[in-house]
Amino acid sequence: MTHPPIDARKAAENVVRRLAGAGHVAYFAGGCVRDELLGLHPTDYDVATDATPDRIRSLFRRTSEVGVAFGVVLVREAGPTIEVATFRADGPYSDRRRPDSVTFSDARSDASRRDFTINALFLDPLSPGDGQTQGRVIDFVGGLEDLRAGVVRAVGDPGHRLGEDHLRALRGVRFAARLGFEIEHGTFAAMRAHASDLVGVSRERIGDEMRRMLTHPSRVRAVRLLVEAGLDSPVFNEVASSAPTPTLENQEASASFAQCLAALAIDRHGLEVADNALVRRWRLALVLSNEERDELAGLLNLTREIVQGWAGAGVAQRKRWASNGHFQGSLSLISHMSGLLDRIRTDVDGLSTIAGGLAPAALVSGDDLIAAGFRPGPGFGDLLDRVYDAQLEGEIRDRAEGIRRAAELASDIGVQRTGRQC
Ligand code: ATP
Ligand code: MG
């Protein structure tokens, strides 16, 4: 008999039940409580408890240690893996990113080491809720009220909390944008005051936060908050810019990270300046993957070529652009230039009906040229491209015409032809 899969909430509840049965305090903690209370579906559930890591490991059969130094144990029983963390108070942050040491403690001090009040709530799934929640909410920091009011507020003294871990500023912006919340005044002032310190945070973590912010439909608000908090300059490693963001606003909700970065690059710098130097800078600043870097560069280059050259380009060039993998992305990037966009759409409709469409299979291959006696070497690829251009223009209709065209072009390009012909 097969059992239905155990969902993450159920798995976390089972963990809490086992810990509570052994006499421990154990709650759901952090983001999963926040999201449940907002009616969102948490993707993962974290449990916080007064049981020490050793104790947790003795109570569950399948565990693995991710960060025992931080009091975190992964529990893998039936269903998804649950992160179980011992209540702790963080020690001082001398490297300003990670606490030097942690001390195991109780729920109250565990709440006070968390970043924002809305992230510092606990929920006891075994106690009856108030009808709205499946369980009792435990709130030491006023998180419930902030959640109801839609406020992102640092736990404790904002200057101190944002000063000890600068990534929190980016997290705060991300939560405010994603949830449509305001950032509390003192918290925002502390973000601004520490904005330039962000340069000390690992670029990889900055990139991860930006990837999450920009791939969310709330990205425009995220960028506005970043700029207002003075974080755009340290994030992108360039001068601050409060330029409007019409291109970013026009991207689809599901647009990729690279697509959004391309839009933002155009908004911040203009299409001419958003070149390979910018791509190199942002790649380092955000630790982009090779794929993201290639997509960003491809989009910016194609968009620039199209905007500058469409009106004057011939059929073959337009077909090559229209069949480029970044073409749809490029059209999204010029969607606020409605005159040009309409013209391109109309032209492409026409192009797709002539001479085999936008990207017909080549009538003449490299092997065909070799078989016809053309010698591979410098210029050979160029020759092949020109024959294909002629095909796209509708000037050749079969292989024989293609070979004839190659013969006409070969000497210009410097490709040799032997006597041998098939
Ligand atoms: P999401 O997973 O949607 O980004 P989350 O709140 O679950 O949101 P996590 O990064 O998964 O965020 O962290 C879990 C919890 O750990 C947070 O809710 C918060 O209480 C705490 N936390 C995470 N990062 C920090 C930090 N830099 N400083 C203080 N507390 C943090
Ligand atoms: Mg989380």
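Contact here means heavy atoms within 4.5 Å. Keep that cut-off in mind as we walk through this predicted model, starting with a pair of packed helices.

Two packed helices are described by the angle between their axes and the distance between the axes. Take helix 7, which covers residues 167-179, and helix 10, which covers residues 219-228: their axes sit 9 Å apart, and the packing angle is about 140 degrees. Angles over 145 count as roughly antiparallel and 65 to 115 as roughly perpendicular, with oblique left for values such as this one. So helix 7 is oblique to helix 10. As for handedness, helix 7 and helix 10 make a right-handed crossing.

Now for the ligand. There are 15 residues around ligand 1, and the ones that come nearest are Arg 34, Asn 119, Asp 165, Arg 168 and Arg 212. Asp 165 has an N or O atom in its side chain 2.8 Å from a nitrogen atom of ligand 1.

On to another helix pair. Helix 9 (residues 203-214) and helix 14 (residues 276-286) cross at roughly 100 degrees, and their axes come within 6 Å. Because of that angle, helix 9 counts as roughly perpendicular to helix 14. Helix 9 contributes Arg 203, Ile 206, Gly 207, Met 210 and Arg 211 to the contact, while helix 14 brings Leu 284, Ala 285 and Leu 286. By class, that contact splits into five nonpolar, one polar and two charged residues.

Finally, a couple of backbone angles for anyone checking torsions. Where does Val 287 sit? Its place is the loop between helix 14 and helix 15 (290-309), and its phi is near 50 degrees, a positive value in a residue other than glycine. Asn 237 also has a positive phi without being glycine, with a value near 55 degrees. Look for Asn 237 in the loop that runs between helix 11 (232-236) and helix 12 (246-249).

Technical notes. Residues are numbered from 1 along each chain as its sequence is written. Chains are lettered from A and ligands numbered from 1 in the order in which they are written. This is a predicted model: local features need pLDDT of at least 70, side-chain atom pairs count only at pLDDT 80 or more; totals for chains, interfaces and linings use all residues. Side-chain values use heavy atoms; hydrogens and water are left out. Axes are lines fitted to C-alpha atoms, for helices over the stretch in contact, and angles run from 0 to 180 degrees between N-to-C directions. Helices (H or I, at least four residues) and strands (E, at least two) are DSSP runs, numbered from the N terminus. Angles under 35 degrees count as roughly parallel, over 145 as roughly antiparallel, 65 to 115 as roughly perpendicular and the rest as oblique. A crossing is left-handed if the near helix is turned anticlockwise from the far one by less than a right angle, and right-handed if clockwise. A residue is near a molecule or strand if one of its heavy atoms lies within 4 Å of it. A polar contact is a pair of N or O atoms within 3.5 Å; within protein, one must be able to donate a hydrogen and the other to accept it, and residues adjacent in sequence count only if both atoms are side-chain atoms. Ala, Val, Leu, Ile, Met, Phe, Trp, Tyr, Cys and Pro count as nonpolar, Asp, Glu, Lys and Arg as charged, and the others, Gly among them, as polar.
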